[in-house]
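Okay, everyone, thanks for coming. Let's get the structure up on the screen before I start talking.

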Amino acid sequence: MCYRLAYTIGFLAFVVAFPVPAQTTTPPVKRVSATTTPRTPDGHSDLQGIWTNATLTPLERPANLEGKGTLTDAEAKEYEQRDLQSNTLDSDVESNFNKATGGPGVGAYNNLFVDRGSQLARVDGVKRTSLIVDPSDGKIPPLTVAARDRNAGAPRTFTRYYSVKERPLSERCIIGFGSTSGPPMLPVLYNNNYEIVQTADAVMILVEMVHDIRVIRINGTHKPANIRQLLGDSIGHWEGDTLVVDTTNFTEKTRFRGSSENLHVTERFRRVDPDTILYRATVDDPETFTKPWTLEYPFVATAGPVYEYACHEGNYAMPDILGGARKLEAEQK
C-alpha cells in the first residue's frame, strides 16, 4: 500500500537533495589567529553560542557540476537564483515542488515553514558545490556488497503501518530526520539551529529539531560496546583550537545512509572567526562504505533563542496515519 505520509516524508528527502531557499545567509568563512579566537576561562577555543548550518549546498555534488568543486561568486549567484525559482513552495510557477505535489497550495509546507538558507556554503573564500570534500568527486562512496544485501533485507518502515513502533523514528518524534542531530550533523528542510554550551568536562549541543541533546564528554572513554545509543556515544579532546569528537556505539536503528551499528564518526569543530565554526566530519564504516568519506562546511552564528520543538503536543498525525491505514484495509476487503 502507498500512503500519503510516506509520500510526504519522501518529499522531504527530495527537498534536501534540491534545496529550498529561505532567509538564512552564509557569510564568508574568515580564518583568525590564535590570539583573536574567543576563549573560555580554561583557555580552549570558545564554541558557545547559537548557530545555524542552513545552506543551499547539497551533500553530494550535482551531476551538472561534475568536476567543479567550487564556483565563482558570479556562478554561485546564478545557481542560487535558479534554485530559488525552481524550488519555491509558494509560487504557481513550474517548480520542482509543484511537480511533486500536483500544483501550488498542495501539501503541508510553504516557504514560511522552511529554512534551507539562501546561499551556497563558503569555505576559504569560495563557495562549495557539495558538502562532501573527500572523495574529491563530492559523492558518497559506493556501498559494499554486504551493505546492499543487509539493507535489501531491512524492514521498509516508510511502507509499514501495522503499529507505531514500525514507523520511522523521526515520524515518532524520537530523533530528527536527515541526520540533523548527527553525527554527522547535516542541514535539513527547516529548524537548522543549534545551541552549544561548553565546560571543561563536557560540551553540550542542543539540536532544535525534536529538541535532541548531544553530550560530548571531554577526555572521556567510550562506554562498553553493549551500551548503544541512537546518537552514538561521543567523547572529545582538544587538538590545539580544534575540538575533535569521536562517536561510536550506535544502534542498528540509526542506520545513517544505510550504515551498520559499527559506524564510526570523527567530527572536528574549529572556531575560525567570531561568527563561524568550521565543521568537518569523517564517516567510517567498512561494513557499509567502500572507503571513508568526509564532509565540511560552516556553522554560522545566528540570533536566538532556540525555541522548544514540541513535536508531540497537539500532533494528531500518528493516530491519523494508522487510522487511515485501517480504513484503507477495510475498503480493500
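Predicted model: local features only at pLDDT ≥ 70, side-chain atom pairs only at ≥ 80, totals over all residues.

Residues are numbered from 1 along each chain as its sequence is written, and side-chain values use heavy atoms, with hydrogens and water left out.

So, the chain has five helices and 13 strands; those are DSSP runs numbered from the N terminus, H or I of at least four residues for helices, E of at least two for strands. Of its 333 residues, 47% are buried, meaning under 20% relative accessible area with a 1.4 Å probe, protein chains only.

Now look at β9, residues 233-239: five of its seven residues are buried. What joins β9 to β10? Seven bridges do, and those two strands run antiparallel. They make a hairpin with two residues between them, and Gly240 in the turn has a positive phi of about 65°. With β8, β9 runs parallel, joined by two bridges. Two is also what pairing takes: DSSP has to find at least two bridges between the strands.

Last stop, the largest nonpolar core, with 33 residues; Ile205, Phe269, Trp293 and Leu295 touch the most other members. A nonpolar core here is a set of buried Ala, Val, Leu, Ile, Met, Phe, Trp, Tyr and Cys residues joined through side-chain atoms within 4.5 Å. There's also a second, separate core of eight residues, including Phe177 and Tyr190.

Technical notes: Buried < 20%, exposed > 50% of the residue type's maximum accessible area, 1.4 Å probe, protein only.
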